[in-house]
Amino acid sequence: MNPYLQFMVGPLLRYDTIDKDGTWHGAALIVTSDSGSFYDPVPVLTYQWDPEELQRSPHSPMASTFSPYDLPPHPADPHATAIFPREDLVTPDADEPKGKSKSASGNDQTQCVTGQEIYVYSGRGGTSTFWRFPIRIQLGQNELCIKYSINGGMQLSFYVPALHTNMRWAAHSCNGFSAGVNPDTFRGPGFKSGYDPMWVDLLQKHAQEPFHVLVGGGDQLYCDSITREPELQDWVHQPKASVKQSYSLTPEIAACIDRFLFNHYCASFRHGAFARANSSIPMLNMCGMSFLAYDLSEAFTHLHNFSLINALDPDDLQLSPIFQAIGARGYFFYLLFQCFINPYIDGLDDRPGKHPFRSLILGNQGPYVGLPSHSFLASLGPNVQILMLDCRAERKRDRVCSDDQYRKVHDYIKQMPDIVEHLIILVGIPIAYPRLVFLETALESKLNPLTALGRAGSFGLGGFVNKFNAEAELLDDLNDHWTATGHKKERNFFIQELQGIAKTRRLRISFLSGDVHCAAVGVLKTYTGGKSADLPPATDFRYMINVVSSAIVNTPPPIAVITMVSTLATKTHKTLHYAQTDETMMPIFTHEPDGTARMKNKYIMGRRNWCAVRWDRHTGDVVFDLRVEKEKGVGTSIGYEVRAPPPQWIP
């Protein structure tokens with residue numbers, strides 16, 4: 001590498017979209033330590049491809065001769081070493097132009113991009129610079145392997161699809177462990193970390209048939225440990241919510257919030273198999289960060305998290321100085337590390353040509369984060385698009401998205417090319433999922449004895465209430481769901497609006513969600529009143545599946561919780577019968593990962609998982625393949641498929 005750069009994180013890859021001229025748009029990002037790097041000249045990314053290359057070249061660390069337990073080299077992770085030479089990591093010959101490798105046809109296309117300085121973090125250990133490199137690739141008749149390097153250093157690669165081909169992509173959520181979970185319990189034989197097994201499984205599938213996009217469905221980063229920062233200890237341990245609400249945001253606390261987020265992102269995004277994935281598969285991430293995941297008591301241990309920026313607490317607490325600082329800075333660093341956006345540099349204008357990322361849809365300013373919502377509508381090929389709906393920035397206890405955001409997103413959807421048949425909407429939290437209304441009602445009651453005992457710290461139930469306003473911790477999770485009482489009206493409006501768009505636009509709409517640490521598939525369809533058989537899915541414009549894939553790293557809920565949710569999954573909900581819409585769950589889990597038949601609970605799978613998605617060129621279906629962990633920590637999965645058929649109705 002010349003000149004030398006000291007990587008703090010990266011390179012990370014991000015996918016934006018494909019424009020009407022067939023140009024692939026994306027970017028790379030690195031963060032470098034200023035004290036250990038040389039910027040004369042500034043960093044340069046070199047990428048090249050052979051437009052006539054027909055045969056896919058080996059590029060993945062999971063090739064057949066590779067042990068998945070020894071991860072290959074990575075510019076920001078010096079602790080892992082490769083055990084075999086990889087073609088795409090070989091340094092170019094000395095007599096070749098820097099950054100250019102030999103190809104069979106001799107027609108390599110090479111581009112060099114100068115890094116854009118988009119942010120400088122300043123901490124006690126010095127300063128670090130964020131460098132963004134825009135990438136533009138004219139798609140052709142063949143799938144392309146794009147090889148890239150920075151300052152002539154280690155060469156990595158990723159794949160882009162052929163011009164008229166729909167993408168293969170992978171989706172994941174909940175990339176971390178909640179507080180109280182021991183990661184080593186998920187570290188199978190040979191693995192160095194409990195974080196790695198399912199990421200290794202994803203990389204193995206990527207080696208067999210490369211993914212073009214890596215979709216993050218929320219909780220790409222768990223931030224529970226922010227409560228251990230020294231400067232926050234007095235605030236965290238204040239016994240009264242009123243004191244927390246008025247606690248001053250000192251310069252020391254503000255600095256510690258930035259320090260935690262910067263260091264935590266660097267550590268999480270540069271280590272292990274996840275770092276190999278985000279440097280070889282361009283990411284497309286939605287907002288959904290997990291803050292403060294507390295145990296919920298013996299009965300509900302690890303049933304997800306309490307999010308500081310998801311508006312589950314009263315407005316006055318969310319607007320308190322420290323909460324608002326954590327929310328605002330958390331959202332800023334999410335945009336920076338996961339979307340490669342600095343809103344104070346790139347601006348807040350999403351009109352064509354006004355922003356570096358074409359897929360961006362800006363909404364209203366969020367009440368707690370100080371910035372507008374950032375949704376994205378991106379092409380996944382000629383027939384498929386994905387909407388990453390920002391359900392966090394504008395969120396309040398009684399609202400998920402503003403009316404303005406819904407109107408703007410709907411306008412963008414209506415402008416999609418007529419050839420698009422499938423729209424996948426990523427909403428983070430399931431929109432069609434078993435209800436826990438009875439539990440929500442019980443926990444909201446002032447007479448709930450468990451909440452009273454938790455507030456008093458009696459019988460070991462102190463963890464049953466959260467540490468910020470002494471409300472039932474599980475209630476935070478339930479209030480966050482689309483099916484919660486406070487969101488039900490908005491949810492039903494959203495579904496009906498989408499049904500209208502699907503019918504007139506002749507568009508198959510499907511939902512993709514995470515959050516709940518289970519795999520499941522919900523379905524919305526036309527309600528026939530029991531007087532006739534269901535409409536064939538292909539001709540039913542109301543037919544929308546909700547694929548739930550969670551978590552790729554975090555622990556599943558306890559068996560008792562899985563059993564409870566599974567029992568509720570057998571119920572057909574009547575909430576939308578007035579709109580001729582039925583809602584139920586699909587019994588796709590007819591067998592265990594080991595092949596044995598499942599006699600009960602065919603609706604919910606309580607194992608770690610991720611989802612591989614492809615378009616079936618023979619049928620026009622979008623195929624969602626839920627990849628479920630065979631055994632805890634072993635790094636292999638079994639697939640459960642569900643299909644969304646193309647629209648076959650007349651508008």
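**View 1. Burial across the protein chain.** Of its 651 residues, 62% count as buried (under 20% relative accessible area with a 1.4 Å probe, protein chains only). The model is predicted: local features need pLDDT of at least 70, side-chain atom pairs count only at pLDDT 80 or more, and totals for chains, interfaces and linings use all residues. Residues are numbered from 1 along each chain as its sequence is written, and side-chain values use heavy atoms, without hydrogens and water. The protein chain holds 14 helices and 22 strands (DSSP runs: H or I, at least four residues, for helices; E, at least two, for strands).

**View 2. The largest nonpolar core.** This core has 130 residues (buried Ala, Val, Leu, Ile, Met, Phe, Trp, Tyr and Cys joined through side-chain atoms within 4.5 Å). Phe 130, Ile 137, Trp 169, Ile 545 and Phe 624 have the most contacts inside it. Helix α7 (residues 321-339) gives the largest share, 12 residues.

**View 3. Around Ile 137.** Which residues is Ile 137 in contact with, leaving aside neighbours within four places in sequence? They are Gly 22, Thr 23, Trp 24, Tyr 47, Trp 49, Leu 144, Ile 146, Phe 158 and Val 160 (contact: heavy atoms within 4.5 Å).

Notes:
Buried means under 20% relative accessible area, exposed over 50%, partly exposed in between (1.4 Å probe, protein chains only).
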